[in-house]
Amino acid sequence: MFGIIVSIVAGAAMSFQGVINTRLSERIGLYESNVFAQATALILGFVAMLILGKGDFSQITQVNKVYLLGGVLGTVITITVMLGIGRLSPTCAITIILISQLLSAALIDAFGLLGSEKVPFLWNKYVGLALMIGGVVAFKWERGSPM
């Protein structure tokens, strides 16, 4: 149950963060708002690590180097979410982002990428993905003309 609750919180936080960062970028600039968001995350992450951390930061040199790309991806995520929301509605942008996340996660599972356990991509996942894509098309359909 805890996993479900934190996943719901994460999804809601991502949606609100995307809109908040987009609105901030309209005032101070895209890359400036990204720096503000990342700096704030760094400071709060550092405080959380000091209070709650139980790991061993010195082991960072022992991990697969591809795992060090999380920060790079965080920057890519923040900027592209702001660009998507700025050009689409928040609902449409977040829906497309969710579909992309689902497809990427399914590929990670199906191929056992990045140390994940292999989970087959069965027909029901294809149907679910198709329904989500159909939902975006239906949502964006304007006056008889798709997209």
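How many aromatic pairs does the structure hold? Hold that thought and start with the whole chain.

This is a predicted model, where local features need pLDDT of at least 70, side-chain atom pairs count only at pLDDT 80 or more, and totals for chains, interfaces and linings use all residues. Residues are numbered from 1 along each chain as its sequence is written, and side-chain values use heavy atoms, with hydrogens and water left out.

The chain has five helices and zero strands. Helices are DSSP runs of H or I with at least four residues, strands are runs of E with at least two, and both are numbered from the N terminus. Read from that end, the elements run α-α-α-α-α. The C-alpha atoms fill a box of roughly 60 × 45 × 30 Å along the principal axes. Of the 147 residues, 16% count as buried. Buried means under 20% relative accessible area, exposed means over 50%, and partly exposed lies in between, using a 1.4 Å probe and protein chains only.

Now look at helices H2 and H3. They pack at an angle of about 135 degrees, and their axes are 10 Å apart. Each axis is a line fitted to C-alpha atoms over the stretch in contact, and angles run from 0 to 180 degrees between N-to-C directions. H2 and H3 are therefore oblique to each other. Angles under 35 degrees count as roughly parallel, over 145 as roughly antiparallel, 65 to 115 as roughly perpendicular, and the rest as oblique.

Which residues make the contact? H2 brings Leu30, Tyr31, Ser33, Asn34, Ala37 and Gln38, while H3 brings Gly74, Thr75, Thr78, Ile79, Met82 and Leu83. Contact here means heavy atoms within 4.5 Å.

Between H2 (30-52) and H3 (70-87) runs a loop, and Phe57 is found there. Is Phe57 buried or exposed? Its relative accessibility is 62%, so Phe57 counts as exposed. Gly74 is 17 residues from Phe57 in sequence, and their C-alpha atoms are 19 Å apart in space.

Back to the opening question. The structure holds one aromatic pair. The ring centres of Phe121 and Tyr126 are 4.5 Å apart and the planes stand at 90 degrees, so the pair is edge-to-face. Rings of Phe, Tyr and Trp (its six-membered ring) pair if their centres lie within 6.5 Å; planes under 30 degrees apart count as stacked, over 60 as edge-to-face, and the rest as tilted. Tyr126 is exposed, with a relative accessible area of 52%.
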